[in-house]
Amino acid sequence: MSDPDNAWRELLGQAPGFTAIGASEAYIAEQEERLGIRLPPSYRAFLRVANGWGEGIFRPVHEIGRVRALAPWLAELADPNPLYPIDSASDEDYFVYGDDQDSVFYRPEYLPDSILIGQFDDGDFFLNPHVVSPAGEWEACFAAAWLPGVERHRSFFDLVAGDMDRFKDFQPNAG
């Protein structure tokens, strides 16, 4: 992505009536300090353009946080349960993206440290800091009680671009 902010404007412009106010670089950095992490590039670009979207679909940066604090039900999947054990996926099963991915193959131990960024369709969106590409992108994920496992994408931009048809009817927050 040569100009990530413009790529986001173009993608989000597909939503009818899209208007939003992005967060400043200084404000994003302040929130990263609060979280103790530097957010991935495509998510930071999204925040600069929109800083949230819809009725909580994607939260403004000041409302994001660790899954263990904001979505305990999801973080609890990492706790061993002798009645319903969830094994960590092998690399061969885990690092498959796109149509060939099977959502049952995920790594529950990654969930508590992940960053919850929104909700949609009775599920949660989060960024996984344990899987980082050479370009600094984090894996972007969606989990819901009705979904067996976790739907995973190589980046936040890939997640939104892949699901844009589901999001088009929802208007962005004003940040």
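In which loop does Asn51 lie?

Mentor: This is a predicted model, in which local features need pLDDT of at least 70, side-chain atom pairs count only at pLDDT 80 or more, and totals for chains, interfaces and linings use all residues. Residues are numbered from 1 along each chain as its sequence is written, and side-chain values use heavy atoms, with hydrogens and water left out.

Asn51 lies in the loop between helix H3 (41-49) and strand E1 (65-66). Helices (H or I, at least four residues) and strands (E, at least two) are DSSP runs, numbered from the N terminus. Most residues other than glycine have a negative phi. The phi of Asn51, however, is positive, near 45 degrees. Asn51 is also buried, at a relative accessible area of 3%; buried means under 20%, exposed over 50%, and partly exposed in between (1.4 Å probe, protein chains only).

Asp122 is exposed, with a relative accessible area of 72%.

Two strands pair if DSSP finds at least two bridges between them. Between E3 and strand E4 (residues 138-144), which run antiparallel, there are 7 bridges. Leu127, for instance, has Ala140 in E4 as its bridge partner.
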